[in-house]
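Colleague: I would like to learn how to read the features of a model like this one. Please take them in turn, with the general idea before the case.

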There are 2 protein chains.
Amino acid sequence: MQHRIDGERLWARLLAMAQIGPIPGDGSCRLTLSDDDEAGRALLISWCAARGFALRRDAIGNLFFRRQGRDADALPVLVGSHLDTQPTGGRFDGVLGVLAGLEVLETLADLDLETERPVDLCVWTNEEGSRFQPAMMGSGVACGILPFEQALAACDAGGVRVADELVRHGYEREPVPDIGLADCYVELHIEQGPILENSGKTIGVVTGGQGIRWYEISLHGEETHAGPVPMALRKDPVPMLARLIDLVHDIGGRDPQARCTIGQVRAVPGSINVVPGRIEMTVDLRHPDEIELEAMHHALMRGCSDLSRNYPAIRLDVAPRWHSPVVRFDANLANLVRSCAERLGFAAHDMVSGAGHDAFHLARRMPTVMIFVPCRDGISHNPQEYASPQAVAAGADVLLSVVLDRAMSRG
Amino acid sequence: MQHRIDGERLWARLLAMAQIGPIPGDGSCRLTLSDDDEAGRALLISWCAARGFALRRDAIGNLFFRRQGRDADALPVLVGSHLDTQPTGGRFDGVLGVLAGLEVLETLADLDLETERPVDLCVWTNEEGSRFQPAMMGSGVACGILPFEQALAACDAGGVRVADELVRHGYEREPVPDIGLADCYVELHIEQGPILENSGKTIGVVTGGQGIRWYEISLHGEETHAGPVPMALRKDPVPMLARLIDLVHDIGGRDPQARCTIGQVRAVPGSINVVPGRIEMTVDLRHPDEIELEAMHHALMRGCSDLSRNYPAIRLDVAPRWHSPVVRFDANLANLVRSCAERLGFAAHDMVSGAGHDAFHLARRMPTVMIFVPCRDGISHNPQEYASPQAVAAGADVLLSVVLDRAMSRG
């Protein structure tokens, strides 16, 4: 028999949580460690306390709620996500994974099901990275990937440190963050893209995450007056910009799994009657296969060299800024998600995550998998972000099913 | 016999004026109607007063210094330029035309030459347009091209109105600006481009000014996450930007007299991992022939239509923002400049002005011409702006010669 979560309770809680830090157009703004972020956590804590799930906190502000199993020493099954949002965030990104996790714990309690293993609901601090960088901070520290001191020293735009906000909210006396040993980590999330919606499938079986490489590129010419200086005597970087755009999009066009984005472009000084002295731009390359991503990197570097030769008057500087390697989730867990979806009657679709998630850090410490549900028009980080009650409930049902399978196993 | 100005006196005054509002690197900052702008005017007034040249002011802050001729009722010969600078301006742009004009008046006085006509030195308010828009404000109002009320209402970035600053400096009780009748207007200026320097010529005979057309173009796509959304499903405006750059530079490459500039380019929202929802850019088209400029305009419009058809997912908005028609200076005066340069032994070169000048407004009211001298590397609006003492003196000698020819004529 297939157990089901209470879809109405979960939906009502999603709407209630969205009222903490509400913004126009049905969105939410709960920036990391702000009063609104803490108020969101307090609401969650009140719901968990009402069901008797024990709370543990750590010194970076991560929260862990436990429903005990038969064997208190068995490695726990972890579920979770984050409650912080983008400045103009929606009601589902992060929040769904947390509240569906609570729904799983409550459903087990409602059914009075005794699991072998404890089940822990994790809430990670600062997944978004909007107020403090880097993103995925709490999970990064707890997994030993991001140095704790570096996280504490991170400042927001107003110069307020993470450490100051942790003290303000009383986290500083908690234990040093360390995820320790666990059986596995499972995170439910909206897709943030249009693939599931376009495919008509309900459940995304996330087999891993794209590798990402970031670059800053600048083209240095010579700033001159748009009137008196003949075009042949200028050192105008703009025509070279067109070639660079073509290069990047050509690299992205060779393979449907590749993603190439020029997110920032700016002419400096940016005056209508001044030939720009400089162009500043960024390039974001992604691919689910590390070897293919490496090939894209080399194509970009080779293309930049060729362009430098073809435009000797313009200096091209290309600086690699970040490399996040391809993440592969646990194949057994992905199989489990697939079979649970099948048993529950939901059409499933294998996919990789294009966005970053706390699960990427967890995957370096334990078997990890993610479950995606469709979101409308692929829109996220936006008040318009929307996942239907049916999709939300389907994702939580699959999460319950996966958790039950693992939590019932001995270990 | 050829009369000559005093090159050392002129050079010393250029250096002295540069000390009013000095900025690092030998530049000057005298923003329109600032205390520094007024201090520069006070220095000029003191020099003119010492030689007895009568001062007249008007209600927009233009200054006129007169050396009387034999016939007080004859139409005067006007020379002049402006003393205001860009925020990081140089020592020559504008200032040269004013101080060379003073040098002409003084040389006539030194030589005790009685001209038929009065000779007036004009100082125009706010040629640069850095603090208040539009540029060429004082000449525009005096020539009846820019409505006086519109000029008075112009505000700087801090909300201070031109009218407030005029009151603060005591101009508000002066006569309403009106250039009235005059024999002609002659303005000496640095070239602000590299043509004279590259040609090895000393004097630019400026036969007119380029026509200018300005456009704002925006490309509207759809903002999405750089990770989850496949490239084929995006509405990314960046590839279309490359085609637009090619279009504009192709239009500019068909004719060596054409100038095409994309001065502003900005991807919105401008985040490294977000596909831009919008590109904002400007286009500046110039040509010395109005028919050719019109053809460039149509080529841009046609090209934009073609692009809109080729990229149906992206909306292209193109908004013409300004059209400054081609200016033709007086052919007789241009001949006079050419023959004066020849008589003085300076190599001359016919050219059109790529930048805007007060003389463009004056040309609609009276015979007008400009004289250019080379500037180093074509650099202006920059502390590095430099014209040699020889070039400065040569320009002032030609100015003197032209003024003498016209001021000695009866009228």
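**Two chains and their contact**

Modeller: A rotation of 179° with 0.0 Å of shift along its axis brings chain A onto chain B, at an RMSD of 0.1 Å. That is the relation of a two-fold axis. The superposition is by least squares on the C-alpha atoms of residues with pLDDT of at least 70 in both copies. In general, two copies of a chain are related by a rotation about an axis and a shift along it.

Colleague: What should I know about the model and its numbering?

Modeller: This is a predicted model, in which local features need pLDDT of at least 70 and side-chain atom pairs count only at pLDDT 80 or more, while totals for chains, interfaces and linings use all residues. Residues are numbered from 1 along each chain as its sequence is written, chains are lettered from A and ligands numbered from 1 in the order in which they are written, and side-chain values use heavy atoms, with hydrogens and water left out.

Colleague: How many residues does each chain bring to the contact?

Modeller: Chain A gives 50 residues and chain B gives 51 residues, where contact means heavy atoms within 4.5 Å. Of the interface residues of chain A, 100% are also interface residues in chain B, so the copies meet through the same surface.

Colleague: What area do chain A and chain B bury between them?

Modeller: The size of an interface is often given as the accessible area lost when the parts come together. Here chain A and chain B bury about 4100 Å², with 64% of it on carbon and sulfur atoms. Buried area is the accessible area (1.4 Å probe) that two parts lose on being put together, summed over both. A:Pro228, A:Met231 and A:Ile272 supply 17% of the area that chain A buries against chain B, more than any other three residues.

Colleague: Which polar and charged pairs cross the interface?

Modeller: Side chains of opposite charge can pair when their charged atoms come close. The rule finds two salt bridges between chain A and chain B, a salt bridge being a side-chain nitrogen of Lys or Arg within 4 Å of a carboxyl oxygen of Asp or Glu. B:Arg243 and A:Asp246 meet in a salt bridge at 2.8 Å, N to O.

Colleague: Which elements of chain A give two or more residues to the side that touches chain B?

Modeller: Among them are helix 7 (195-199), strand 9 (211-220), helix 8 (238-253) and strand 14 (278-287) of chain A. Helix 8 of chain A gives the largest share, nine residues. The residues on this side divide into 25 nonpolar, 16 polar and nine charged. Ala, Val, Leu, Ile, Met, Phe, Trp, Tyr, Cys and Pro count as nonpolar, Asp, Glu, Lys and Arg as charged, and the others, Gly among them, as polar. Helices (H or I, at least four residues) and strands (E, at least two) are DSSP runs, numbered from the N terminus.

**Salt bridges within a chain**

Colleague: Is A:Glu106 buried or exposed?

Modeller: A:Glu106 is buried, at 2% relative accessible area, whereas A:Arg51 counts as partly exposed at 31%. Buried means under 20% relative accessible area, exposed over 50%, and partly exposed in between (1.4 Å probe, protein chains only). Both residues belong to a network of salt bridges that also links A:Arg9, A:Arg13, A:Glu103 and A:Asp110.

Colleague: Where is A:Arg70 found, and which residues does A:Arg70 touch?

Modeller: A:Arg70 is in the loop between strand 4 and strand 5 of chain A and is partly exposed, at 43%. Leaving out residues up to four places away in sequence, A:Arg70 touches A:Glu114, A:Thr115, A:Glu116 and A:Arg410. The side chains of A:Arg70 and A:Glu116 form a salt bridge (2.7 Å, N to O).
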